[in-house]
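Please keep the sequence and the viewer open as you read.

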Amino acid sequence: MRELLDRRVLLVTGKGGVGKTTVATSLALEAARRGQRVLLVETAGSNQVPGLFGHGPASYEAQRVAEDLYTLSVTPEKAIEDYIVQQIKVRALFKMVFRNRVMGPFVDGVPGLHDLVQLGKVFDLERETSFGRNIWDLIVVDAPATGHGLTMLDAPRSMMELTVAGPFHENAKLVHELFVDGDKTALILVALPEEMPVNETLDLYERLGAYRPQVRACVLNELHPAPFTALDRWDEARAALSRPELSEALACTDRAVLRARRQEQARRRLSQLPCPLLELPFLYDRRLGERQLGRLGRTLGAS
Amino acid sequence: MSTRVLVCCGSGGVGKTTTSAALALALARAGKSVAVLTIDPARRLADSLGLDELGNEPQQVPMDRLGQGSGRLDAAMLDMKATWDGLVSRFSDNDLDRDRILANRYYRFASTRLAGSHEYMAMERLYELVESGRYEFVLLDTPPTRHAIEFLKAPARIAGLFDEGVMHWLSLPRDSRGFRALERGSEAVVKVLKRLIGQGTISEIAEFFDAMKGLWDTLRERGKAVEALLASEDTRFLLVTTPAPAARAEAREFRRLLEQQGMPLGGFLVNRVVPAPESEAAPGPELFPAPPPGFDEREWTEICEGVARAPELQARLATSEQDSLRELAGEGVQTWHIPELDNDVHSLEGLAEIASYLQPAVEALTR
């Protein structure tokens, strides 16, 4: 964990609905608890984090949600503006050139631009300093769902290929270099203990290509406790317990055993990945707040 | 034949592909002729449809294996590039333009990597299937998005690319220096663009739009037709979701955005619902026999305790899910549940089992 939190940027990615936001927030809280000044970045206009801490929606500026923990929500539209203005220096020129009826849709359609500018924003945040010191010790990015998350990591290279030279090319190269630098950036994959999500996680890992070495952890989320250890002896035990008064309990146990076996299989398959496998429990009361997230963070921190 | 369209939306990992296929199968078994268009599924979907592979062209699912039922089910998998190429080949003014487009570097980028391209082509393919007039129902399994609704916005973004203004502007005639006409029009714009992405890239983009000239009316018309189809009485949007609490916020947002865009919501399909046990009382210790041969005392006690606890744990899980389901139902939208199954679906028979839970949905949707 120490090793993970020592980096500059953690990108949390995985399929939709696997709990990326929960994992990203728990990790960010844990890093903050350990004394780092942490920025949690939501992407693609997602804006769930402040609500978890009982705050109103985040804006494009960092907002404090807990001790040493700040959050902001990146929208592609705003990031595009930032990105281009950085290159052409004059905001009024940006509005004139890019936000008119003709160019607006065109700019929005440039391959990978949406993704690139969001990574570009993270890149800028990483370099922000005050009195010669980095403002943020750690930036945790709640990346878009895979498929999209992959496109996002591909975006700098796509832009480099599309524009063979020029400032866009140069900038994309810098951004690319930050995210392939294993000392600075780590990727964290989040998975659920079910067959399809596990397949997709392994598939995602394969497709990460050059980014594969950056995968430093895989989090298996929403694990239920196994009913007992000797799962492989359940059929035998069940036969010995077969009586009408127990039928309901046996049916429930069947379900729990199946779930536990699925989890075991998920564990086994994900442990093929050359990175630590971290585990988080299923929460019955999932009205998540700072307390629960802090507890999840400590669970992650202890592994 | 008038064709009804069902668009299955949902974030990834909720079982959207399987649920869409099961709903299609349920409709076909109710006697309808149905096509399901799926997007980038795991190879297993072909297996569970009893097909060797899925391609851009619809293939008939061997439903006779399941016995009764007079309908027909065809399945296809979206091939984004093939659909783009097909569109270009079909509607280009002439072979020269067609070849120029297909060979253009920007086109090759746009047709595979442009954000929203996948969604745009899914809509195009959907429209082609409806246009064929061969089906009473066409189901579209949408690409997974973080928010189900992103799917609906993406095509508009691509369609915006072919907006008349952009097209005219980018495809103005060029002289030997490449861009004079363009430069006269908006010198500042071109200077900035050139600096940012380089002259070479601009030329390629301009070349692409120039070659697309003959296509753009068609693309715009088709875009409008798809939009009209999606907003029509024949279309229903379905949200595939799970009982997880996060689903509620998503469902609410989905509904709001559909209303905002004037698109008809058909209902929520809730997947993997854990049933509440009939009784959650732990069976008393007197009901458990002594360790049978081969089990030692400690191991046996642990198993028996696990069995005794199981109803309560399942009840807790079911209650936690019922809370979310109640809130979903509170949205005032039709909600259909599919229970959690023992195994993932690997065969047509397995798919038929899910389909059997979708009878109420079939009744509502064929009304």
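## Conventions

This is a predicted model, in which local features need pLDDT of at least 70 and side-chain atom pairs count only at pLDDT 80 or more, while totals for chains, interfaces and linings use all residues. Residues are numbered from 1 along each chain as its sequence is written, chains are lettered from A and ligands numbered from 1 in the order in which they are written, and side-chain values use heavy atoms, with hydrogens and water left out.

## Chain B at a glance

Chain B carries 16 helices and eight strands; helices (H or I, at least four residues) and strands (E, at least two) are DSSP runs numbered from the N terminus. Of its 367 residues, 54% count as buried, meaning under 20% relative accessible area with a 1.4 Å probe, protein chains only.

Take the contacts (heavy atoms within 4.5 Å) in chain B between residues at least 6 apart in sequence: 77% of them join residues at least 24 apart. The accessible surface of chain B is about 15,400 Å², with 48% belonging to carbon and sulfur atoms; such areas come from the Shrake-Rupley method with a 1.4 Å probe, and for residues only the protein chains shown count as cover.

## The nonpolar cores

A nonpolar core here is a set of buried Ala, Val, Leu, Ile, Met, Phe, Trp, Tyr and Cys residues joined through side-chain atoms within 4.5 Å. Which members of the largest core, with its 107 residues, touch the most others? They are A:Val41 and A:Phe179. Helix 6 (residues 117-131) of chain B gives the largest share of this core, eight residues.

A second, separate core has 42 residues, including B:Val14, B:Leu45, B:Leu238 and B:Val345. Back at A:Val41, its contacts beyond four places in sequence include A:Leu72, A:Val122, A:Leu125 and A:Asp142.

## A glutamate in helix 7

Is A:Glu126 buried or exposed? A:Glu126 is buried, with a relative accessible area of 8%. This residue lies in helix 7 (residues 113-127) of chain A. Leaving out residues up to four places away in sequence, A:Glu126 touches A:Arg8, A:Val9, A:Asn134, A:Ile139 and A:Leu178.

Methods:
Buried < 20%, exposed > 50% of the residue type's maximum accessible area, 1.4 Å probe, protein only.
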